[in-house]
Amino acid sequence: MSFFKTTSHEVLRARYNSLLEDVPVAIFTAISALSIQMIVLNSQVHWSLSIATPLLRMLIGCSLLLYWFWHRDERPSIDKIRKRLEIASIVFILAGFFTFWRSVYLYPLTDTFGHYFLIFHNTLYGFCFAFILSKLGPAAYAYNLLMISSAIACIYRGDFEHPHLMTMLILVFEVGMLITMRGSTSMFDKWVNATYETQALLKDNQRLANQDVLTQLPNRRQFFVQVEQQLVLARQTDECFAVGILDLDNFKPVNDVHGHHIGDLVLIEVGKRLAQVRPEQVRFYRLGGDEFAFHLVTDDEHASLKQVAHDINQAISQPISIDGLLITVKASIGACIICEDNISAQSLYEHADFALYHVKRTGRGNLEIYSKTLEQERMHLNRIDQALRTADIHAELYPVFQPIIDMDANEVCAFESLARWQSPTIGPVSPAMFIPVAESLGMIADITKLMFSRSMIEMATWPDNMRLSFNLSAYDVTNQSVIKALIGMMHTSQLAPDRFMFEITETALLQNFETARDNIGLLRKAGAKVALDDFGTGYSSLSHVQNLPLDKLKIDRSFVKDIETNTTSQTIVRSILALCHGMHMECVAEGAETESQVRFLQAMGCQLIQGYYFAKPMPKELVQAYLADTKLIPAT
């Protein structure tokens with residue numbers, strides 16, 4: 001007889017572990033009840049039935065209790081668990097048959113009190129032990145049926161008035177008991193399955209957080225973690241340590257001419273080839289796009305690094321055959337070697353990245369090692385620094401707005417405010433370039449407050465249900481005075497606090513997580529909402545989602561650009577949507593540029609979408625016209 005043949009392994013183990021907690025309670029209760037039974041029946045029936053039989057059952061119970069004690073800390077295999085549960089079920093049912101027979105047999109031998117005792121005894125047995133051991137499933141129901149049947153049989157064998165009323169009372173409680181047992185067991189199984197599925201999702205997302213989904217190489221997050229660890233080892237052994245950044249030359253035409261699908265296949269092949277380059281000496285990572293990284297222990301003469309760079313280009317430059325096409329790519333490599341200086345992984349990466357930037361401008365397909373000459377050239381970037389120092393930020397900086405669309409309502413639900421700088425000396429400057437400089441100059445707080453103030457002025461002209469999504473820099477998130485200033489401005493505006501959504505990136509969190517978490521708490525306490533931007537990229541961590549009071553996740557545009565053809569991107573987006581749904585958070589997909597992408601995201605259940613398909617960031621003067629005249633998406 002098999003009671004657990006179709007039960008899943010997860011539920012089976014959970015039931016077994018739950019029963020381990022209940023077994024001593026059940027055995028103690030049974031021994032106590034048998035002791036009382038011996039006292040009651042001792043003067044009414046032969047000692048073999050009143051004393052010897054209960055003593056034998058008590059001995060069996062003590063043996064089971066000892067067996068439980070010896071095996072309580074075991075982690076048995078699933079086959080052993082199934083076998084133990086089957087044996088326990090059979091023993092339980094046999095005990096029920098024995099109790100049924102014994103009660104019916106003893107009933108004529110006892111007096112009126114004995115009659116009542118047996119009925120009461122069997123009814124309680126049927127309710128109590130069936131409920132305590134309900135994880136045994138069918139065996140618990142069978143035992144319950146036997147005990148209740150024996151109680152009813154005793155009622156009709158006795159000289160009771162209105163036996164049907166007594167039976168009806170027992171059956172009323174019996175029905176309630178069965179419904180409760182069924183619901184409890186069903187809820188337990190559902191809880192186990194949900195817990196297992198959640199753990200599987202967490203493990204899968206943890207893997208995705210550390211591995212590039214396209215090439216299966218470790219990703220950007222793992223790169224920085226490993227470089228920090230290797231730097232510590234290098235300092236202890238006085239070895240030279242090198243970090244390299246490589247970028248594929250002329251890769252963009254591959255995507256433009258042959259499509260992103262072919263481009264992805266090229267990246268996959270490049271990843272495979274890199275993984276085979278001196279695997280005992282070098283470890284490779286994909287940072288994003290067509291950019292890869294590596295690190296190794298080298299010598300101060302750069303011989304090992306130069307040999308690795310040669311092997312990389314030898315491996316990559318071999319033609320790649322895809323769908324009858326022969327595609328050839330090469331790599332430009334920037335590197336930085338550290339032998340004695342105390343430097344962070346981020347600084348080492350930045351130096352290597354600037355060396356890559358230099359080689360891409362001056363002679364692709366080569367290796368460039370960061371040097372004093374490059375250090376001097378890097379100083380030319382001070383133009384931005386100097387221009388920003390002398391800038392009239394009130395005249396030169398201004399916000400633009402990009403709509404976020406609620407697809408269910410087919411309307412604009414929010415605008416994201418984005419800072420722009422039009423310098424009179426160097427022209428338009430990207431926020432990606434001037435925001436870090438502004439942070440280093442200590443100007444970012446003034447810029448943030450200026451952009452926020454101007455965004456609120458425009459926000460006041462929008463419909464009352466439309467929200468403002470405002471980006472905070474790493475400095476803003478970790479500076480409480482800035483956060484309090486923004487909260488004060490928000491309250492002074494008399495606009496509803498829940499119309500404000502502040503966007504942060506995990507890069508900011510890495511600088512000072514505790515302070516950032518406290519400041520995010522201040523924003524939410526003031527009534528505002530908080531979103532985590534660019535979720536799903538290399539730095540993203542589920543621990544941040546778990547440990548921060550967030551209201552929204554924004555799916556990074558890198559997963560949207562190829563979502564129609566890339567099954568991995570589809571899996572990631574579905575996982576993020578499921579995560580948001582499970583944690584009762586909103587989810588926005590960024591970077592939708594085509595109607596096909598929008599339709600695909602809608603079909604996956606994504607309600608909020610942002611991207612060039614709907615509108616590029618627009619000056620404030622165009623917002624009202626956009627709201628009045630733009631048809632978002634054709635009706636299906």
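Okay, let's start in S9, where Ala-414 is the bridge partner of Ile-404. Before I go on, keep in mind that this is a predicted model.

What else pairs with S9? On the parallel side there's S11, residues 467–471, joined to S9 by four bridges.

Is S9 enclosed or open? Of its 13 residues, 411–423, 10 are buried, so the strand is largely enclosed by the rest of the structure.

Now over to S3, residues 291–298. Seven of its eight residues are buried, so to speak mostly covered. S3 pairs with S1, residues 240–249, in the antiparallel sense over eight bridges, and Ala-242 stands opposite Leu-296 of S3. S2, residues 283–288, is antiparallel to S3 too, with five bridges joining them. Gly-288 has Glu-291 in S3 as its bridge partner. There are two residues between S2 and S3 in their hairpin, and Gly-289 in the turn shows a positive phi of about 60°.

Helices next. H4, residues 112–132, packs on H5, residues 138–157, at an angle of about 165°, with the axes 8 Å apart. Roughly antiparallel starts over 145 degrees, and H4 and H5 therefore fall in that class. The crossing of H4 past H5 is left-handed. Residues making the contact include Ile-119, Tyr-125, Phe-127 and Phe-129 from H4, and Tyr-143, Met-147, Ile-148 and Ile-155 from H5. By class, that contact has 12 nonpolar residues, five polar and no charged ones.

Last stop: Ser-575, in helix H22, residues 567–582. Is Ser-575 buried or exposed? The cut-off for buried is under 20% relative accessible area, and Ser-575 comes in at 9%, so it's buried. Setting aside neighbours within four places in sequence, Ser-575 is in contact with Leu-201 and Asn-205.

How values were computed:
Residues numbered from 1 in each chain as written. Predicted model: local features only at pLDDT ≥ 70, side-chain atom pairs only at ≥ 80, totals over all residues. Heavy atoms only, no water. Buried < 20%, exposed > 50% of the residue type's maximum accessible area, 1.4 Å probe, protein only. Pairing = 2+ DSSP bridges. Axes fitted to C-alpha atoms, helices over the stretch in contact; angles between N-to-C directions. Parallel < 35°, antiparallel > 145°, perpendicular 65-115°, else oblique. Left-handed = near helix turned anticlockwise from the far one by under 90°. Contact = heavy atoms within 4.5 Å. Nonpolar A, V, L, I, M, F, W, Y, C, P; charged D, E, K, R; others polar.
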